[in-house]
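Grab a pencil and have a go at these exercises. Try each task yourself before you read the worked solution.

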Amino acid sequence: MASTFKKETFREDYTYSNSAEAIKRFPFPFPEDQYMYSVNIEPHVKGKVGSVCEFTFDVDEHYVAECLDKKITLEQDPGRYQALPHMMDAQWDFLELTMESLSQDYPQHFSLNKNGSVWTWENKPLGIKDTFTFGDSSTLAMEPFDYMGRQVQGDFVLLDHREETLFADAGIVTSQADWSLAFNVGMSWREWHGPVPRATELGVMDRALKHLLNLQFGSPVRRLNWTMTINPRLDTSPENYPQWGGDRNAVNADNVSDLVHLRVELQTLFRLPRSNAIMFSIRCYLINLKDLSTYSRWAKRLHRVQKTMHPDLIEYKGMTKFHPLVVDWLAKFDDGAALDVGTHAE
Amino acid sequence: MMERGYWIKSKPIYTSLVWHEKATSHLVVAQGQGGLAAIKLFQQMHPQQPVTTLYEHSDIDANFAITLKKVVPEDLHLLKSEQEVVSLLKRIMPTKRMGLRIYVAGSEGFIWAVAEAVKEFGIEDADIMKELTGTLARSIYCVHCKAITHNITTNIGKCSSCERMLFVRDHFSRHLGAYMGLMVDAESPGQLPEIEEIYP
């Protein structure tokens with residue numbers, strides 16, 4: 001991971017950018033020339049050194065700036081954090097998992113010292129150091145899930161397991177691809193996924209649920225999901241749609257490779273030990289088309305995937321307006337040569 | 001236009017009320033035109049187990065109240081507002097035991113207000129039988145200002161709080177008893193699609 005954290009923004013002047021190293025490790029999501037919804041779940045095991053799956057939680061060059069953006073969003077709309085009262089055990093499970101993983105994987109940045117149930121947590125990049133009693137919320141400035149949710153990149157949803165399904169009963173959500181936590185909180189798996197076109201018909205959601213109900217403690221899983229976003233904006237929430245929806249009108253043939261970003265979600269799921277809940281983490285990676293085309297293999301593959309995309313999916317992902325411009329811009333990289341299966345850059 | 005085979009997966013499917021024979025007691029909650037559904041239920045049979053009935057009605061539906069008084073032999077409560085129904089539910093629920101079955105008939109908004117009121121007593125959605133009556137009007141949750149506007153009969157509705165014109169996403173929250181509404185002209189200010197009454 002990067003030893004320095006960038007100063008950059010994900011709103012207004014959008015100074016966000018990816019270093020050459022960040023481009024190379026980008027989690028490109030298309031192993032084949034065509035894309036359709038699939039369960040595509042695999043064990044969340046240690047990936048290659050330097051990859052986004054090297055550690056349990058990926059801390060990269062955007063860490064500090066993303067945590068700051070998260071703070072701004074939460075200040076403007078406190079409803080981005082929700083936790084139903086029965087989720088307190090799961091909140092402590094979350095705090096334990098994040099603190100233990102970060103301090104083990106990045107000892108230069110994070111440390112955790114336990115003295116019985118009295119824990120001291122230090123987060124150097126964000127300048128935080130607190131001592132508290134594990135299990136006693138009154139010893140922290142905010143609820144444990146809120147406290148640590150702000151110190152890890154990405155969104156988190158805690159899923160309660162009952163009635164043979166999963167309920168989204170807590171969440172901290174500030175970098176979502178157009179879904180609302182305030183609307184979805186308390187929903188069952190099926191209700192939550194209601195609007196996904198074609199997926200329900202294909203039985204994808206039922207199969208994924210079956211898989212997750214059997215998720216075991218100590219054997220987390222992951223999958224990639226993707227969409228496209230105009231500007232490197234983390235907060236593409238429905239709440240703020242009036243602020244970002246109009247950006248789609250600004251895309252033209254000249255600026256398409258700067259404005260249009262491939263937005264990839266690294267989704268990981270962990271069974272939690274006390275509550276038996278599941279932690280669902282959604283980590284967002286953004287890259288504009290220009291940077292992505294650093295690797296011609298990716299540009300070719302993305303061209304083929306986009307060219308053959310089902311119109312329902314283009315609409316669902318909100319890409320209808322600018323999608324033809326994306327396909328046209330990528331076409332020049334595509335010589336039609338066969339690509340082997342896989343997401344590697346070179 | 002709706003595609004063939006299209007349905008809103010997060011929208012619940014409503015049925016006709018039928019007694020659960022294996023219940024230990026029953027709770028019937030109806031509103032307005034839902035009074036007719038309650039009458040039909042009691043005409044199927046009068047169950048062995050204890051039954052409590054709550055009926056909220058306006059003057060227009062007073063005739064159902066008169067009939068209900070004749071067909072419901074015990075524990076009938078006539079109420080004037082949804083608020084009264086919810087408060088009475090919260091008072092009587094603690095006295096109910098395992099094996100209680102609940103039957104609700106009314107508008108979509110009423111059905112989910114009842115479901116929400118009994119949730120804290122451990123009643124899950126699946127334990128409640130629901131019949132949609134009277135109106136297809138929808139409640140819309142404004143995702144921008146978080147207000148809920150009731151009784152919207154058109155495809156596009158105005159938020160009663162922030163006054164944005166909202167289009168309705170095919171996503172229903174049982175918790176809020178409402179569909180998600182988003183500003184319809186955020187991408188092209190002032191351009192509204194034709195407004196049609198399709199949920200009379």
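**Exercise 1: where the chains touch**

Task: How many residues of chain A are in contact with chain B, and how do they divide by class?

Solution: Start with the count: 21 residues of chain A are in contact with 19 residues of chain B (contact means C-beta atoms, placed from the backbone, within 7 Å). Next, look for helices on the chain A side: H5 (181-184), H6 (189-192) and H8 (241-244) each supply at least two residues. Helices here are DSSP runs of H or I with at least four residues, strands are runs of E with at least two, and both are numbered from the N terminus. Finally, sort the chain A side by class: eight nonpolar, eight polar and five charged. Ala, Val, Leu, Ile, Met, Phe, Trp, Tyr, Cys and Pro count as nonpolar, Asp, Glu, Lys and Arg as charged, and the others, Gly among them, as polar.

A word on the model: it is predicted, so local features need pLDDT of at least 70 and side-chain atom pairs pLDDT 80 or more, while totals for chains, interfaces and linings use all residues. Residues are numbered from 1 along each chain as its sequence is written, with chains lettered from A and ligands numbered from 1 in the order in which they are written.

**Exercise 2: two helices in chain B**

Task: Work out how H1(B) and H2(B) are oriented to each other.

Solution: First take the angle: H1 (34-44) and H2 (62-71) of chain B pack at about 20°, with axes 10 Å apart. The axes are lines fitted to C-alpha atoms over the stretch in contact, and angles run from 0 to 180 degrees between N-to-C directions. Angles under 35 degrees count as roughly parallel, so H1(B) and H2(B) are roughly parallel to each other. Then check who meets whom: B:Leu36, B:Ile39 and B:Phe42 are among the H1(B) residues in the contact, and B:Phe64 and B:Leu68 are among those from H2(B). By class, this contact has eight nonpolar, three polar and no charged residues.

**Exercise 3: tracing a sheet**

Task: In what order do the five strands of the chain B sheet lie?

Solution: The order is S7-S6-S10-S9-S8, in an open sheet with mixed pairing (strands pair if DSSP finds at least two bridges between them). At the edges sit S7 (148-152) and S8 (156-158) of chain B, each pairing on one side only. Now follow one neighbour: S9 (165-173) and S10 (178-183) of chain B are antiparallel over five bridges, and B:Ser173 has B:Ala178 as its bridge partner. These two strands form a hairpin with four residues between them, and B:Gly177 in the turn has a positive phi of about 65°.

How values were computed
Two residues are in contact if their C-beta atoms, placed from the backbone, lie within 7 Å. Angles under 35 degrees count as roughly parallel, over 145 as roughly antiparallel, 65 to 115 as roughly perpendicular and the rest as oblique.
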